[in-house]
Amino acid sequence: MQYRKLGNSDLKVSAITFGAWAAGGWMWGSTDRNDAIEAIRTSYDLGVTSVDTAPVYGQGTSEEIVGEAIKGLPRDTVQILTKFGMRWDLEKGKLAMHSQDNSGRKIDIYKYAGSDSVIYECEQSLKRLGTDYIDLYQIHWPDVTTPIDETFEAVAKLIEQGKVRYAGVCNYNAQQMAEAGQSVSLVSNQIPFSMVNRSVEDETVPYCIKTGKSVLAYSPMERGLLTGKIKSGHHFKEGDHRADLPHFQPEFVEKTNELLAKIKPIASEHNASLSQLVLRWTIERPGITVALAGARNARQAKQNAEALNFDLSADELNIINEFVDYF
Ligand SMILES: NC(=O)c1ccc[n+]([C@@H]2O[C@H](COP(=O)([O-])OP(=O)(O)OC[C@H]3O[C@@H](n4cnc5c(N)ncnc54)[C@H](OP(=O)(O)O)[C@@H]3O)[C@@H](O)[C@H]2O)c1
């Protein structure tokens, strides 16, 4: 495993960080708690010491699972990355979506990051995670109803109190990052990035490079699509959000599989799977600090954790980049 510092902080995280969204079940058609815990423990044993979660993932379930998985581990050997600003239990801010929780109950999710909420959410997360501090605390989505300084002054207070070590953002553009940076020293931005989804390379990644902020790439396997296992017409379980995403419609799936067929010989050369090649490529990309890799079970987690067990030469990276640019 490689370990990389976030921004100009002394917080080191594993270049492959475990993404615990699917572990919470919500929007992924359910979860198996034991499988999820085993996946996180297997990752840790293979050097994946950092875990990214959020309160809204399973409405507390993902954070509880993470808490259970890391119970008993020396706290300073694990880095907990969690978030705030997506409320399902309070109608405040801007409605983000109508949804259903894991038991099928209708819920509405609001983007809200008022100072009262930031402080309250942190306490709830600490309880669910079974810890007394969060290593990286990130706003989940921009909240257009709250001034950015109000949100990040609350985060600065949490840092002062020792409940949070460092502040980050997700899904922020360069301008929003600059504004947040007036209230707190930001270390990172968590944004969508994969071989087939590179729009953040236009503005946000260059801004992060210029200002020394880290980029945490989310959905680097494009939610499973880049593992090569999804074929056109794939049937997803009820409640799995992927069924409706443009990236999982037949034409896009076929086009992606053509790309994967082109890069597969490089994976085979290293006895690696496509998902391993994809993750390896992701963290080699300029400006990308971490690949947040989701996994449902220990088998997937092991494969993802071992994505750094081989090296890619400059020639191999150039070949992959050419195919990716052509996509
Ligand atoms: N801040 C944000 O707004 C935001 C948004 C999205 C994600 N994220 C973070 O980024 C993390 C990763 O993104 P993601 O979970 O959306 O997508 P991802 O990591 O690209 O894909 C994860 C999914 O792919 C499948 N998979 C993973 N490894 C595999 C393997 N080796 N072989 C076969 N299938 C495999 C699993 O689903 P199946 O087995 O069901 O196919 C898994 O749940 C999230 O968990 C979350 O922490 C953040």
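Select strands β12 and β13 (residues 288–294): the two pair in the parallel sense over three bridges. Strands pair here if DSSP finds at least two bridges between them. Helices (H or I, at least four residues) and strands (E, at least two) are DSSP runs, numbered from the N terminus.

This is a predicted model, where local features need pLDDT of at least 70, side-chain atom pairs count only at pLDDT 80 or more, and totals for chains, interfaces and linings use all residues. Residues are numbered from 1 along each chain as its sequence is written, and side-chain values use heavy atoms, without hydrogens and water.

Click Ala217. Its bridge partner in β13 is Ala291.

Now show all of β12, residues 214–218. Five of its five residues are buried (under 20% relative accessible area, 1.4 Å probe, protein chains only). Ser214, Leu216 and Tyr218 lie on one side, Val215 and Ala217 on the other.

Five bridges join β11 to β12, and the two run parallel. Asn189 has Val215 as its bridge partner in β12. Follow the chain from β11 through helix α6 (residues 204–211) to β12: this β-α-β crossover is right-handed. That is, with the strands pointing away from the viewer, the path from the first strand over the helix to the second runs clockwise.

Move to helix α4 (residues 148–160). Ile148, Thr151, Phe152, Ala154, Val155 and Leu158 are buried. Look down the axis of α4: the buried residues fall within an arc of 145 degrees, so they line one face. The arc uses directions from the helix axis to the C-beta atoms.

End at Gly162, which follows α4. Its phi is positive, near 80 degrees.

Key: Buried < 20%, exposed > 50% of the residue type's maximum accessible area, 1.4 Å probe, protein only.
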